[in-house]
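Please look at the model first, then read the points below.

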Amino acid sequence: MTDTLAVTDGRVLTPEFDVVRADVLIDADAGEILDVAPDLAGDADETLDATDSLVMPGLVNAHGHATMTLLRGYADDKNLEDWLREDIWPAEAELTADDVAVGTRLAAVELIRSGTTAFADMYFHVGEVVEAVREAGLRARVGHGVVTVGKDEAAARDDFAESVAVAEEYDGAADGRIRTAVMPHAPHTVGTEFFEEFVPRVREAGVPLHFHLNETETYLEEIDAEAGVRPTEYADDLGLLADDTFVAHGVHLDASEIGTLADRDTSVVHCPASNMKLASGMAPVQDLLDAGVNVALGTDGAASNNDLDLFDELRDAAMIGKLAADDAAAVDAETAVRMATEGGAKALGFDSGRIEAGANADLAVVDLDAVHLTPEHDLVSHLAYAARGSDVRHTVCDGEVLMRDREVLAFDEADVRERAQEHAAALVARAEE
Ligand SMILES: N[C@@H](CCSC[C@H]1O[C@@H](n2cnc3c(=O)[nH]cnc32)[C@H](O)[C@@H]1O)C(=O)O
Ligand SMILES: [Zn+2]
């Protein structure tokens, strides 16, 4: 007999963005939603109470570096290039596999607590990331980040080869909750010859590509100096853009680049908090949406955010989207919530992001019994503009309850925090030696 779970007595955000009173019946073995209708509790082996709550698709954090939770608050108030070169890369040079194991678990707890059920991760020691994701019960698209600048040819080639090997090794791990991608850091931090050599191998492996695109003016200047074109054109010429490619940031994009991204059906992961904090700029999100580009949301690493709460990101996206377009109607509440759910699921290639029979059973249950969510005119407005990650009561991924009544089940949270504090302190001490 199949194990079934019913999320009962709540209201449900439908794919049409109506809010209806219904239960959600889940096949816990298959990790799939079976039915959304009133009175399904009697059919279930187990129930999860959603009284006074809104059942929404689990949020999708489509760009980040989970281990960077260990560097949260370590270096703030600098632009991207200075921050990476002066603080982050020296610290990362000291990072061990154990640090990645600990930092990714800290990130996982934070993601689960704030209703995120799927995320993308570009980092190194990916085997440790995979183990943490498996244990957490989350869904993720993971990859090894490649940088070739500053390395000799053999080391550079090894780094890219490792990214392909890692993507092949772990794709489909954790009962299919883990998928992979090859993740060259950015067009200007990986040499042209290495893209030429490895892109055909990525295509053979049949995995997507993920990289940082046009995050700052420096990204444009470096490609302009090297190739005399815009980075999107450069990336397209190298065969990097496809319908399973997802790029982070896309802050500085001209109309022709937006057209190219739309033509290739490449997803853009908007990271508004990171872009504001590093003063990278304002992404033209409404223009991307108007051109038909799929836009997802990401926190980026916790060192440039400084948290992994997608509800913050949602609100930031709606706010900065209006400023960027000089139009208060731009990036409206529904659009922001869609980017954080179905947009992210599409970018990462997961059949999640909607509460409907047949979809992955990835959902967040938001407690509406709160002062800052009173009164109720429009619950989608609340999700975009008033709710916080800490309003999430239960988190379900792949049909498994990962958090019940604000208790994360897979980990001992106190232990995860203590180990994170120890590893972060030791890491920084090594970096500053
Ligand atoms: N194997 C590579 C590591 C690349 S992982 C991905 C990298 O992205 C860096 N990173 C984090 N946030 C950002 C961002 O906003 N823009 C660009 N890079 C970032 C992060 O510090 C990490 O070094 C190496 O040998 O250096
Ligand atoms: Zn990043």
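Which domains does the domain assignment of the chain give? Domain 1 covers 4–58 + 359–408, and domain 2 covers 60–348; these bounds come from an automatic or database domain assignment. This is a predicted model, in which local features need pLDDT of at least 70 and side-chain atom pairs count only at pLDDT 80 or more, while totals for chains, interfaces and linings use all residues. Residues are numbered from 1 along each chain as its sequence is written, and side-chain values use heavy atoms, with hydrogens and water left out.

**Extent of the interface**
- The C-alpha centres of domain 1 and domain 2 are 28 Å apart.
- Domain 1 gives 30 residues to the contact and domain 2 gives 27, where contact means heavy atoms within 4.5 Å.
- About 2,300 Å² is buried between domain 1 and domain 2, with 63% of that from carbon and sulfur atoms. Buried area is the accessible area (1.4 Å probe) that two parts lose on being put together, summed over both.

**Charged pairs**
- Three salt bridges are found by the rule across the interface of domain 1 and domain 2; the rule asks for a side-chain nitrogen of Lys or Arg within 4 Å of a carboxyl oxygen of Asp or Glu.
- R177 and D398 form a salt bridge, with their closest N and O atoms 4.0 Å apart.

**Domain 1 side**
- Elements that give two or more residues to the side of domain 1 touching domain 2 include β5 (53–57), β15 (363–367) and α13 (379–385). Helices (H or I, at least four residues) and strands (E, at least two) are DSSP runs, numbered from the N terminus.
- The largest share of this side, five residues, comes from α13.

Methods. Chains are lettered from A and ligands numbered from 1 in the order in which they are written.
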